[in-house]
Structures are given as C-alpha cells and as structure tokens.
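Please look over the sequence and the structure shown here before working through the exercises, each of which is followed by a solution in steps.

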Amino acid sequence: MSRDIFLVLLLLSSVVSNTEDDVINEDDPDDEVVTDEEIADHLYDPPLEPQVVETVIPPQEKVIERVMSTPNLTEEEITSQVMPERFRCDTCHILVYTLGNAFKEQESSLPARKMVKGLDTISVMEIVEDSCAEEKYAGHVIHEIDGVAQICGPAFPDRKINGLTLGRGPWKRRYRGYCGALLEDYEEEEIYKLYRSGNLFTELCIKKDCKDVLSVTPEVVDFKAFSRVEL
C-alpha cells in the first residue's frame, strides 16, 4: 500500500514539473510552446544595432532691423502757417493732379459734339474753386524717403510709403492757403485752357516752385492726352 502511494506522488510530481517548464508562445501559431532550450538560445542573440534618427533643423530666419523715425523737419516747418518752401513743388503737383482729374471726369460726361468746345464756364469755375478745399489734400502725408522728407499720396504713385508719416496738423490748411495764392493770378477759363493745351503743370509749377526741381511734366499730371480731342 505504501509503495502504491509513493508511485502516485512521484507521477504527479513529474507532470507538474513538465508543465512549469513549458512556456506558451501566443505570437507563434505554429509553435504552441517554447522550451527552456529555445529561451536559452535567445539569450545569446546579437544585440540590435542602434537606429540613427536624423533631425532636420530649419535655417534660422534672417532678422532685418529697421530703424523708423518721423520725418526730419525744422522748427519753422513744424510751426509755420504757410507751406514750407521745400514742399511747395510737391504741393503744386497735388493741385495740378486735383484740377486735371476733375476736368477729365467732368469732360467724360459730355456728348461727343460738345467735346470740341469743352466745359461751360460755370463748371470750370466750380472745379477751380473746389480744387483748393482742404479735403483735396486728403490721402497725402509727409514721409521720409532715403533721408529726404517728401509728400506721398495719390498724386505720387511712384513713392511707396513704408514707415512713419506725418498727416495731421496744419498740412491741409497750408495746402488751401498755397492753392489760393497760386491761382489768384489766373482766371478760371485760363486755367482750363492751360489744361486742354497740356501746359497746366508747366505754367503753374515748372515755371515757379518746381523751377529748380523738375524740367518735365510727370506722367501722372500730364493731361495732354485727355485734353486734345479730335472729332
């Protein structure tokens, strides 16, 4: 009896030992168990080579430093009630730009048969008188270009504004005063004739405040193409 019990215990011990030595490999459908020998073989596998990850660093953006300052004006140019001398040629440019565009727009509404004679006296007088209004200076500012203070705005499409400007203050009032003083020597019909002949800028500006600055009429105020109408 004792011998039979001993044999049963020995058999059970052998079964438990074999079960603990077997490791199930769930990732391998063709091999249900992994033996101790297989595990030992993997202990001596060569180590994996390290992976090199390349990190691309974008080039650092170039930083451009710009020093911006308000236009350099003298004390007289800041406080004076009249247009400073160095801005008078530009101001005359604005005036001719204003007159020319107003005449051109009004003429565009005339029937072809009336273009030879042009605008009537009342229309001409209204345009000339209105050209000196302070709002006609609107959109123009004082801006420093290459170290030189100039007027920029619609009358100067080639001058790009990039930086600080001066637009407030007495500039509109100065424009009105300059315009009135310049036109007081001319009759309204005379101004219109100069426009239609293509000599408005030459007469008002080049012969006066632009004499030592410009020798030809800038394209933006050259209204000769619009004033000479052939029917």
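Predicted model: local features only at pLDDT ≥ 70, side-chain atom pairs only at ≥ 80, totals over all residues.

Residues are numbered from 1 along each chain as its sequence is written, and side-chain values use heavy atoms, with hydrogens and water left out.

**Exercise 1.** Work out what span helix α6 should have, and find where its buried residues lie.

*Solution.* Helices here are DSSP runs of H or I with at least four residues, strands are runs of E with at least two, and both are numbered from the N terminus. The expected span of a helix is 1.5 Å times one less than its number of residues, so the 13 residues of α6 (residues 171-183) should span 18 Å, which agrees with the 18 Å between its end C-alpha atoms. Next, take the residues of α6 that are buried (under 20% relative accessible area, with exposed meaning over 50% and partly exposed in between, for a 1.4 Å probe and protein chains only): these are W171, R174, Y175, Y178, C179, L182 and L183. Seen down the axis of α6, they fall within an arc of 145 degrees and therefore line one face of the helix; the arc is that of the directions from the helix axis to the C-beta atoms.

**Exercise 2.** Describe the salt bridge between E134 and R176, and then the one between R86 and E77.

*Solution.* A salt bridge is a side-chain nitrogen of Lys or Arg within 4 Å of a carboxyl oxygen of Asp or Glu, and by this rule there are 6. E134 and R176 meet at 2.9 Å, N to O. This pair joins distant parts of the chain, 42 residues apart, with E134 in the loop between α5 (121-130) and β3 (141-145) and R176 in helix α6. E134 is partly exposed at 26% relative accessibility, and R176 is partly exposed at 41%. For R86 and E77, the N to O distance is 2.6 Å; R86 is partly exposed at 40%, whereas E77 is buried at 10%.
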